[in-house]
Amino acid sequence: MKPHDGLYIDGAWRPAAGQDLIEVVNPADEQVIGHVPAGTALDVDSAVRAARAALPIWAATPPAERSARLIALRDVLVARREEIAETVTAELGAPLAFSQTVHAGVPIAVAGSYAELAATHGFEERVGNSTVHHEPVGVVGAITPWNYPLHQIVAKVAPALAAGCTVVLKPAENTPLTAQLFAEAVHEAGLPAGVFNLVTGLGQVAGQALAEHPDVDLVSFTGSTAVGRHIGAVAGGAVKRVALELGGKSANVILPSADLAKAVGVGVANVMSNSGQTCSAWTRMLVHTSQYDEAVELAAAAAAKYGDRIGPVVSARQLDRVRGYIERGVAEGARLVAGGAQPPREKGYFVSPTVFADVTPQMTIAQEEIFGPVLTVLRYEDEEDALRIANGTVYGLAGAVWAGDEAEAVAFARRMDTGQVDINGGRFNPLAPFGGYKQSGVGRELGAHGLAEYLQTKSLQF
Ligand code: NAD
């Protein structure tokens with residue numbers, strides 16, 4: 001797509017108040033592929049005013065009509081699927097096939113799910129002598145990261161629109177073109193002016209202004225725990241609602257009765273997909289001591305097979321960060337069995353699929369989110385030890401359990417302090433609530449639970 005040189009506010013592309021631009025770089029070859037405006041507090045204010053003005057009519061639009069607009073939006077995303085995939089590949093670096101199936105495919109499914117929920121959700125219920133109305137929260141400030149650029153946007157905007165809220169989106173600096181394409185789709189789908197607004201810009205300028213804006217009723221943020229903590233404090237100070245989807249350091253627990261080869265193979269694929277830039281990736285593989293050496297061998301072989309097939313990480317900064325963690329792992333005594341800090345190519349921000357063995361639970365690489373294609377393999381002595389290690393980080397976003405018997409895996413999963421667990425390789429479900437325990441966040445996205453985040457209740461007594 002051709003980049004816009006404006007911001008999408010009140011149903012049209014308008015010039016930004018300032019002159020500053022953000023450069024968009026293709027991480028696979030380091031070429032500049034476009035520029036977008038770096039919006040400021042003035043632009044955020046215009047966008048919030050537009051969203052506020054559009055709110056009464058959109059909030060009063062019958063859910064069936066909101067659903068019809070969301071169906072139209074889903075249909076535009078379907079029609080432009082190839083362009084979405086190409087745009088994500090150009091600015092994020094994901095291999096095209098992955099962009100087609102996941103980066104374009106998942107948001108289409110999620111948009112469809114909210115079109116259906118808008119039409120079927122009970123926005124009114126009877127409780128004894130009361131009628132409880134589920135009303136839109138109001139103006140939503142949505143702040144999103146780059147790792148799944150369209151999915152993160154749709155997972156906020158679709159439920160917000162289904163609920164009757166209006167939105168101002170501040171997307172990540174690295175992937176603004178996908179956000180512009182989404183704004184085009186909203187326009188084509190015929191959503192009323194002001195219902196959705198886009199301000200591209202820097203986090204500390206436009207993002208900060210959006211989080212602080214007194215006329216934003218709910219801040220929905222996905223990104224790092226460090227920034228999330230700050231946004232939570234800003235929102236708390238203003239007594240406004242906040243949803244935080246933050247980092248993770250999830251455990252893939254392989255119990256001794258599991259199919260080891262399958263569990264390791266799927267586990268490695270999970271970490272390498274999207275070049276490890278998935279907040280819910282199972283970056284700690286936990287293996288019983290009796291099977292440890294075999295698992296390490298299998299994991300190293302599986303990672304080596306990926307070779308060149310994974311894409312780059314998103315930016316030079318991210319490359320430095322990931323390489324820094326790999327060097328730290330070696331310095332702290334972990335054993336590299338695949339990959340390493342040496343870049344595999346001269347151009348582009350590539351990292352070799354990397355596996356560390358002999359990782360102990362306290363090592364930095366076992367505690368901190370790396371956000372790159374780096375797997376750590378840890379050893380446990382018995383189930384209690386596995387549980388201690390699995391729960392032994394500040395995070396609690398996702399995880400996996402493998403066992404010969406499903407009931408055994410479920411019993412273990414129920415004891416994990418985490419928001420979602422895949423049992424024996426269970427598939428992604430776009431209707432299941434997604435979100436974190438502990439410092440992985442506050443609130444849930446997707447499905448009916450995601451819709452509820454954008455609603456507030458009013459009780460009428462009779
Ligand atoms: P980030 O926190 O640096 O940025 C996320 C967004 O916040 C961007 O749009 C950025 O511009 C904005 N931002 C930055 N500083 C801000 C400020 N002071 N005020 C307001 N907005 C600000 O994170 P990132 O590097 O873009 O993304 C990677 C992180 O996101 C990882 O830690 C990852 O785990 C997390 N993540 C979590 C989930 C989830 O659902 N839990 C999903 C994807 C990514």
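Which residues line the second largest cavity? The lining consists of Gly248, Lys249, Gly276, Thr278, Cys279, Ala281, Thr283, Glu369, Ile370 and Phe371, where a cavity is a set of points, on a 1 Å grid over the protein atoms alone, at which a 1.4 Å probe fits but cannot get out, and lining residues have an atom within 4 Å of a point.

The structure is a predicted model, in which local features need pLDDT of at least 70 and side-chain atom pairs count only at pLDDT 80 or more, while totals for chains, interfaces and linings use all residues. Residues are numbered from 1 along each chain as its sequence is written, and side-chain values use heavy atoms, with hydrogens and water left out.

The ligand is surrounded by 28 residues, each with a heavy atom within 4 Å of it. The closest are Thr144, Lys170, Ser224, Leu246 and Glu369. By class, this shell holds 13 nonpolar, eleven polar and four charged residues; Ala, Val, Leu, Ile, Met, Phe, Trp, Tyr, Cys and Pro count as nonpolar, Asp, Glu, Lys and Arg as charged, and the others, Gly among them, as polar. Domain 1 (7-246 + 440-461) and domain 2 (251-429) each contribute at least three residues to the shell, the bounds being taken from an automatic or database domain assignment.

For Glu369, an N or O atom of the side chain lies 2.6 Å from a ligand oxygen. A polar side-chain atom of Trp146 is found at 3.1 Å from an oxygen atom of the ligand, and a polar backbone atom of Gly223 at 3.2 Å. The protein buries 90% of the 850 Å² that the ligand exposes when taken alone, with areas from the Shrake-Rupley method and a 1.4 Å probe.

Two cavities of 30 Å³ or more are found in the whole structure.

Notes. A polar contact is a pair of N or O atoms within 3.5 Å; within protein, one must be able to donate a hydrogen and the other to accept it, and residues adjacent in sequence count only if both atoms are side-chain atoms. On a 1 Å grid over the protein atoms alone, a cavity is a set of points where a 1.4 Å probe fits but cannot get out, and a pocket is an open set with protein on both sides within 12 Å along at least five of seven lines; lining residues have an atom within 4 Å of a point. Grid points are joined across faces, edges and corners, and a volume is the space filled by probe spheres set on the points.
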